[in-house]
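Q: Please give a close account of a single aspect of this predicted model: how its secondary-structure elements are arranged and packed. Please then relate that arrangement to the surroundings of the ligand.

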Amino acid sequence: MAENLAVRVEGLVKVYPRGVRALNGLSFTVNEGEIYGLVGPNGAGKTTTLRILATLLKPTEGRVYIYGHDVVKESLEVRRLLSYLPEEASAPREMKGVEFIEFIAKLRYTNPRDIAQVLEEASRISGLGKDLERKVKTYSKGMKRRLLLATMLAVRPRLAILDEPTSGLDVEQSLRIRSIIRRYSRSLGVTVLLSSHNMLEVERLCDRIGIIIKGRIVEEGSPQELKEKYGAETLEDVFLAVTGRREAGPR
Ligand SMILES: Nc1ncnc2c1ncn2[C@@H]1O[C@H](COP(=O)(O)OP(=O)(O)OP(=O)(O)O)[C@@H](O)[C@H]1O
Ligand SMILES: [Mg+2]
């Protein structure tokens, strides 16, 4: 099935073995070229959703299509289309930065020219310069995150799935990560689906956001649309209205 929707999630349900119903009829779509943010309280189901999309977890019910491919029935095809940055990922400690980029590039490409291009692009995007010659174990958290993110974008997936890309980073490192996502998703034509707890971040970064509570999308729109709908000055106020005082509803 050909379509220009990058992601189509329909009625997703995930019940974990001990009966936790993490997703409860979740549906949303992401357009090609868009940066879409999933936000919601701890335990709302963001990571579960992203892991299902990345083919690492099977849904209990519902369907997910990545560029028209079913994540369960066509998982190999889907894996070729995406990069996934887990919530707490790192590169192997004993590898140099540059070796890690090459390792990932070779998983995706065989042509030496393509591999060289990924290496060049990831080096540039990461901004790590000479530090790429050092071992990953000597990197700070922010440097590791930049290495991973830059590599993930440089392989030019059609969809990058980023679980809390700036979690645990200081203000400066978070800004760098955000600017990487913004600049390179556009210029490399990578569609981005990310999760975040930082409202300012999604407000600045995302074309559209979905607010997820107890495994369902309860509100969705561009940051501007949502602020207008709730008569709020910031997305944080929208979030509080939606999660805390839902009975108040939109104005
Ligand atoms: N492997 C697992 N086994 C059982 N329950 C799980 C498992 N992983 C997650 N859960 C449960 O599923 C629900 C959703 O968890 P999930 O990690 O998807 O939330 P989240 O929105 O990513 O939260 P956070 O913002 O804290 O990262 C929670 O109730 C969690 O306890
Ligand atoms: Mg999570």
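A: An axis here is a line fitted to C-alpha atoms, for a helix over the stretch in contact, and an angle between two axes runs from 0 to 180 degrees between the N-to-C directions. In this predicted model, the axes of helix α5 (residues 141-154) and helix α6 (residues 171-188) come within 11 Å, with a crossing angle of roughly 5 degrees. Angles under 35 degrees count as roughly parallel; α5 and α6 are therefore roughly parallel to each other. On the α5 side, the contact consists of Gly-142, Arg-145, Arg-146, Leu-149, Ala-150 and Leu-153. These residues meet Gln-173, Arg-176, Ile-177, Ile-180, Tyr-184, Ser-185 and Leu-188 of α6. By residue class, the contact of α5 with α6 comprises seven nonpolar, three polar and three charged residues.

This helix pair belongs to a protein with nine helices and 10 strands. The radius of gyration of the protein is 18 Å, close to the 18 Å that the globule rule gives for 251 residues, so the protein is as compact as a globular protein of that length. Along the principal axes, its C-alpha atoms fill a box of roughly 55 × 40 × 35 Å.

Turning to the sheets, six strands make up an open sheet of mixed pairing, in the order β6-β7-β8-β3-β9-β10. Its edges are β6 (82-85) and β10 (216-221), each of which pairs on one side only. With direction ignored, neighbouring strands of this sheet are turned by 15 degrees against each other on average. Within the sheet, β3 (residues 35-39) and β9 (residues 208-213) pair in the parallel sense over four bridges, and Gly-37 stands opposite Ile-209 in β9. Helix α1 packs on this sheet, where it touches β3, β7 (159-163), β8 (191-196) and β9. The direction of α1 makes about 150 degrees with that of β7.

Another open sheet has four strands in the order β2-β1-β4-β5, with antiparallel pairing. The edge strands are β2 (21-31) and β5 (69-70), each pairing on one side only. β1 and β2 are joined in the antiparallel sense over eight bridges, and the bridge partner of Val-9 in β2 is Phe-28. These two strands form a hairpin with five residues between them, and Gly-19 in the turn has a positive phi of about 95 degrees. Strand β1 (residues 5-15) also runs antiparallel to β4 (residues 61-66), to which five bridges join it. Along this pairing, Glu-10 stands opposite Arg-63, and Val-13 stands opposite Glu-61. Helix α1 lies across β1, β2 and β4 and runs at about 120 degrees to β1.

Methods: Residues numbered from 1 in each chain as written. Chains lettered and ligands numbered in written order. Predicted model: local features only at pLDDT ≥ 70, side-chain atom pairs only at ≥ 80, totals over all residues. Parallel < 35°, antiparallel > 145°, perpendicular 65-115°, else oblique. Contact = placed C-beta atoms within 7 Å. Nonpolar A, V, L, I, M, F, W, Y, C, P; charged D, E, K, R; others polar. Pairing = 2+ DSSP bridges. Rg over C-alpha atoms; globule rule 2.2 N^0.38 Å.
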